[in-house]
Amino acid sequence: MLDTVKYLIGSAGPSGFGSKSTAEAVTATCPDLHQITAIITGATSGIGAETARVLAKRGARLVLPARCLKAAEELKARVSEESPRSEIIVLPLDLSSLSSVRSFVSRFLSLHLPLHLLINNAGKFSHEHAITEDGIEMTFATNYLGHFLLTKLLMNKMAETATKTGIEGRIVNVSSSIHGWFSGDWVQYLDLLTRKKIPYDATRAYALSKLANVLHTMELSVRLKEMGANVTANCVHPGIVRTRLTRDREGFVTDLAFFLARKLLKTIPQAAATTCYVATHHRLQGVSGKYFADCNETSPSSSAINSQEAKRLWLMSDLLVSSPLALRLDNSVASVRLCQDDDSLETAGLRMSS
């Protein structure tokens, strides 16, 4: 009850910020960002657009990957009007397509730019069941697997930039408290969902993708440390906000739900605050593998702090991005597990299909 009251009144936590803080407020005292290059996914609207606007205002060079280039160019124009000296680069990216992710990374690396910030913000809540060109359930592919591959392909660039510039790199994964709504074996669930063996539940599919974001952050922070990279990885819950994420569910029921929950809703500037805080604030120097909400560190769900599941997800994701069309998880694959002796996946249960 006390936490709810603090949230509603915007009481500041240990960071000095709270639920009512805005992205501009939390970056007001951050160092000048003119040396910083940031990639922000999902920046054409909502939280991502506000994050882009504020970071550009603070001086950062922005690289905006977008599926809709027209929307990205329109955002670039708006941001440039407010921050005329900003440098903004728009590149095509469809996170649901692994080949598109690889093409984006190739284009970005060809620019020979540094990379200090990677903000994995893009999200999709799909009301209808869909499968990507790679044979992956659409919500999982867009919200998690595309970001997994994007991050994996950019890790070395970020480590290299941190070494050359002496500036700590930061990766921010945008998740949601809804990640705690998923329970059960995600391998089996994803397999059944992909093969349409169970009814499609949009909320549960979304919750799984958000749980994957948190588990990814945990394992990513471990691997960055093992690399000796001066790069951190943290995860954020932006809060409850009405954005284009709900575009597939527009209508009377959605309008009514948001009206009833209006006291709990954040504005978009407030919802972007935690992302901007974690991406830029000096207080978080060296902090990695943590989960933040309302600009303060907090605890994710119990299922999101299982290091073995985080490692299992990473290794399974590696398999999926390597040969997604060749791999299918059988019902019996609930037994897929880590081999304790060699840190690899026991793949005897994997069923091959064309």
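In which helix does Leu220 lie? The residue is part of helix H8, where helices (H or I, at least four residues) and strands (E, at least two) are DSSP runs numbered from the N terminus. The model is predicted, so local features need pLDDT of at least 70 and side-chain atom pairs count only at pLDDT 80 or more, while totals for chains, interfaces and linings use all residues. Residues are numbered from 1 along each chain as its sequence is written, and side-chain values use heavy atoms, with hydrogens and water left out.

Leu220 is buried, with a relative accessible area of 0%; buried means under 20%, exposed over 50% and partly exposed in between (1.4 Å probe, protein chains only). Not counting residues up to four places away in sequence, Leu220 touches Thr151, Met155, Ile171, Ala233 and Trp314, a contact being heavy atoms within 4.5 Å. Trp314 is 94 residues from Leu220 in sequence, yet the two C-alpha atoms are 8.4 Å apart in space.

The wider setting comes next. The protein has twelve helices and ten strands, and 54% of its 354 residues are buried. Among contacts with a separation of 6 or more, 76% join residues 24 or more positions apart.

In the largest nonpolar core, which holds 57 residues, Phe104, Phe108, Phe140 and Leu145 touch the most other members. A nonpolar core is here a set of buried Ala, Val, Leu, Ile, Met, Phe, Trp, Tyr and Cys residues joined through side-chain atoms within 4.5 Å. Elements giving two or more residues to this core include helix H5 (98-110), helix H6 (138-165), H8 and helix H12 (307-322). The most, twelve residues, come from H6. Another core, of 37 residues, lies apart from it, with Ile47, Ala272, Ala279 and Leu284 among its members.

Phe140, Trp186, Leu208, Leu211, Ala212, Leu215 and Leu313 line the second largest cavity, a cavity being a set of points on a 1 Å grid over the protein atoms alone where a 1.4 Å probe fits but cannot get out, with lining residues having an atom within 4 Å of a point. Its volume is about 30 Å³, taken as the space filled by probe spheres set on the points, which are joined across faces, edges and corners. Helix H8 (residues 202-227) supplies the largest share of this lining, four residues.

Definitions and conventions. 1 Å grid on protein atoms, 1.4 Å probe; cavity = no way out; pocket = protein on both sides within 12 Å on 5 of 7 lines; lining within 4 Å.
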